[in-house]
Amino acid sequence: MSAIFNFQSLLSVILLLICTCAYLRSFFPSIMDRNKTGFLGTFWKCARIGERKSPYVAISCVIMAFSILFLT
């Protein structure tokens with residue numbers, strides 16, 4: 001089943017996108033910061049969410065990992 005139609009998979013993809021963008025922004029801040037609008041602006045926004053809400057994102061990742069490993 002596609003990640004679009006399965007809510008748990010969609011949440012996993014969004015969390016992975018946020019974590020990946022925040023990680024990549026720590027290595028390449030100039031590339032992420034110059035693309036604040038358009039399609040590539042989505043990655044900048046995900047990186048910003050990952051940086052500012054990092055405790056909540058980390059807790060969400062742990063909960064998602066637990067649910068994937070033990071509840072499915």
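This is a predicted model: local features need pLDDT of at least 70, side-chain atom pairs count only at pLDDT 80 or more; totals for chains, interfaces and linings use all residues.
User: Why is F39 called exposed?

Analyst: The relative accessible area of F39 is 62%, and exposed means over 50%, buried under 20% and partly exposed in between (1.4 Å probe, protein chains only), so F39 counts as exposed. Residues are numbered from 1 along each chain as its sequence is written, and side-chain values use heavy atoms, leaving out hydrogens and water.

User: What makes F43 partly exposed?

Analyst: F43 has 27% relative accessibility, which puts F43 in the partly exposed class.

User: How many aromatic pairs does a search of the whole structure find?

Analyst: The search finds three aromatic pairs. Among them is Y23 with F27, at 5.0 Å centre to centre and 80° between the planes.

User: Why is the pair of Y23 and F27 called edge-to-face?

Analyst: Rings of Phe, Tyr and Trp (its six-membered ring) pair if their centres lie within 6.5 Å; planes under 30 degrees apart are stacked, over 60 edge-to-face, and the rest tilted. With 5.0 Å and 80°, Y23 and F27 therefore qualify as an edge-to-face pair. Both residues sit in helix 1, four residues apart, or about one turn of the helix. Y23 is exposed, at a relative accessible area of 52%.

User: What makes F39 and F43 an edge-to-face pair?

Analyst: Their centres are 5.6 Å apart, with 85° between the planes, so the pair is edge-to-face too.

User: How do you know that D33 and R25 meet in a salt bridge?

Analyst: Here the rule asks for a side-chain nitrogen of Lys or Arg within 4 Å of a carboxyl oxygen of Asp or Glu. For D33 and R25 the N to O value is 2.8 Å, so the pair is a salt bridge. Their side chains also make a polar contact, again at 2.8 Å.

User: Is R25 buried or exposed, and how do you know?

Analyst: R25 is buried, since its relative accessible area is 15%. D33, at 25% relative accessibility, is partly exposed.

User: What makes E51 a salt-bridge partner of R25?

Analyst: The closest N and O atoms of E51 and R25 are 2.8 Å apart, so they form a salt bridge. E51 lies in helix 3 (residues 41-52) and R25 in helix 1 (residues 7-27), so the pair ties together parts that are 26 residues apart in sequence. E51 is partly exposed, with a relative accessible area of 31%.

User: What pattern does the protein chain follow along the sequence?

Analyst: The pattern is α-α-α-α, with four helices and zero strands. Helices (H or I, at least four residues) and strands (E, at least two) are DSSP runs, numbered from the N terminus. Of the 72 residues, 21% count as buried.

Technical notes:
A polar contact is a pair of N or O atoms within 3.5 Å; within protein, one must be able to donate a hydrogen and the other to accept it, and residues adjacent in sequence count only if both atoms are side-chain atoms.
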